[in-house]
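Subject: Structure for you to look through

Dear colleague,

I am handing over a structure that will be new to you, and I would be grateful if you could look through it with the notes below beside you.

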Amino acid sequence: MVDLDDGRTIYAKNVTTVTPIASITKLMTAMVLLDANLPLDETIQISSANLDFLKGTKSRLSVGTSLSRRDMLRLALMSSENRAASSLDSGYPGGNRAFVAAMNRKAMDLGMWNTRFVDLTGLSSENVSTAEDLVKMVKGAYQYPWIREYPTSTEHDVASKTGRDLQYHNSNG
């Protein structure tokens with residue numbers, strides 16, 4: 001636990017232990033997406049490439065669902081929506097491989113020496129970091145207004161293919 005205002009450590013335990021980081025991966029995904037300056041109003045579509053064949057997680061975003069990049073980002077950060085997060089490499093120069101490489105470069109730029117990313121969602125246990133590195137990531141993420149806003153949003157409605165709105169809620173009760 002760190003006071004982000006003055007950098008003072010309040011409590012520390014096993015801060016250099018490398019472990020899988022799961023959905024906190026989405027913070028790095030968001031930073032890399034926002035750094036790319038891709039248009040947030042551009043429509044992107046869920047494709048079969050966005051399905052989770054690793055853990056079999058489900059989603060209300062079916063293949064063919066089209067939303068703005070902004071909505072996909074909001075759902076990824078607010079509801080930890082894996083298909084939305086996975087779709088954020090759409091339109092990124094060089095595709096998924098280049099996006100993941102940019103995530104790892106950004107980690108190095110932030111001084112996260114014990115961190116490695118292999119996907120945008122955090123579903124892979126190969127996305128690893130340390131508590132010490134995650135403090136650096138959170139500090140970096142805090143510099144982005146969208147990232148400060150979206151994880152704290154309580155709910156967000158999106159139009160589905162059927163024409164009915166889908167209501168999403170924050171996954172952090």
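On the surface, Met1, Ile10 and Tyr11 form a nonpolar patch with about 370 Å² of accessible area together. A patch here is made of residues with over 30% relative accessible area and no salt bridge, with nonpolar side chains (Val, Leu, Ile, Met, Phe, Trp, Tyr) joined within 5 Å and like charges joined within 9 Å, while accessible areas come from the Shrake-Rupley method with a 1.4 Å probe, and for residues only the protein chains shown count as cover. Met1 belongs to the segment before strand E1 (19-20), and with a relative accessible area of 63% Met1 is exposed. For this and what follows, buried means under 20% relative accessible area, exposed means over 50%, and partly exposed is in between, with a 1.4 Å probe and protein chains only. Helices (H or I, at least four residues) and strands (E, at least two) are DSSP runs, numbered from the N terminus.

Please keep in mind that this is a predicted model, in which local features need pLDDT of at least 70 and side-chain atom pairs count only at pLDDT 80 or more, whereas totals for chains, interfaces and linings use all residues. Residues are numbered from 1 along each chain as its sequence is written, and side-chain values use heavy atoms, with hydrogens and water left out.

Turning to charged pairs, the structure holds 7 salt bridges, a salt bridge being a side-chain nitrogen of Lys or Arg within 4 Å of a carboxyl oxygen of Asp or Glu. One of them joins the side chains of Arg8 and Asp6 at 3.6 Å, N to O, and Asp3, Asp6 and Arg8 are linked in a network of salt bridges. Arg8 counts as partly exposed, at 46% relative accessibility.

Another salt bridge brings together the side chains of Lys106 and Asp35 (2.9 Å, N to O). Lys106 lies in helix H4 (residues 95-109) and Asp35 in helix H1, so this pair ties together parts that are 71 residues apart in sequence. Lys106 counts as buried at 16% relative accessibility, whereas Asp35, with a relative accessible area of 38%, is partly exposed.

The side chains of Glu42 and Arg69 also meet in a salt bridge (2.9 Å, N to O). This pair, too, links distant parts of the chain, with Glu42 in the loop between H1 and E2 and Arg69 in helix H2, 27 residues apart. Glu42 is partly exposed, with a relative accessible area of 36%, while Arg69 counts as buried at 0% relative accessibility.

Besides Arg69, the buried residues of H2 include Leu73, Leu75 and Leu77. Just after H2, Ser80 takes a positive phi of about 55°.

On a 1 Å grid over the protein atoms alone, a pocket is an open set of points where a 1.4 Å probe fits, with protein on both sides within 12 Å along at least five of seven lines, and lining residues have an atom within 4 Å of a point. The pocket is lined by 18 residues, of which Ile24, Leu27, Leu77, Ile147 and Pro151 lie nearest its centre. Helices H1 (25-35), H2 (69-78), H5 (131-141) and H6 (145-149) each supply at least two lining residues, and the largest share, 3 residues, comes from H2.

Ala22, in the loop between E1 and H1, has a positive phi of about 50° although it is not a glycine, and Ala22 counts as partly exposed at 40% relative accessibility. Asn37, in the loop between H1 and E2, has a positive phi near 55° and counts as exposed at 64% relative accessibility.

With best wishes
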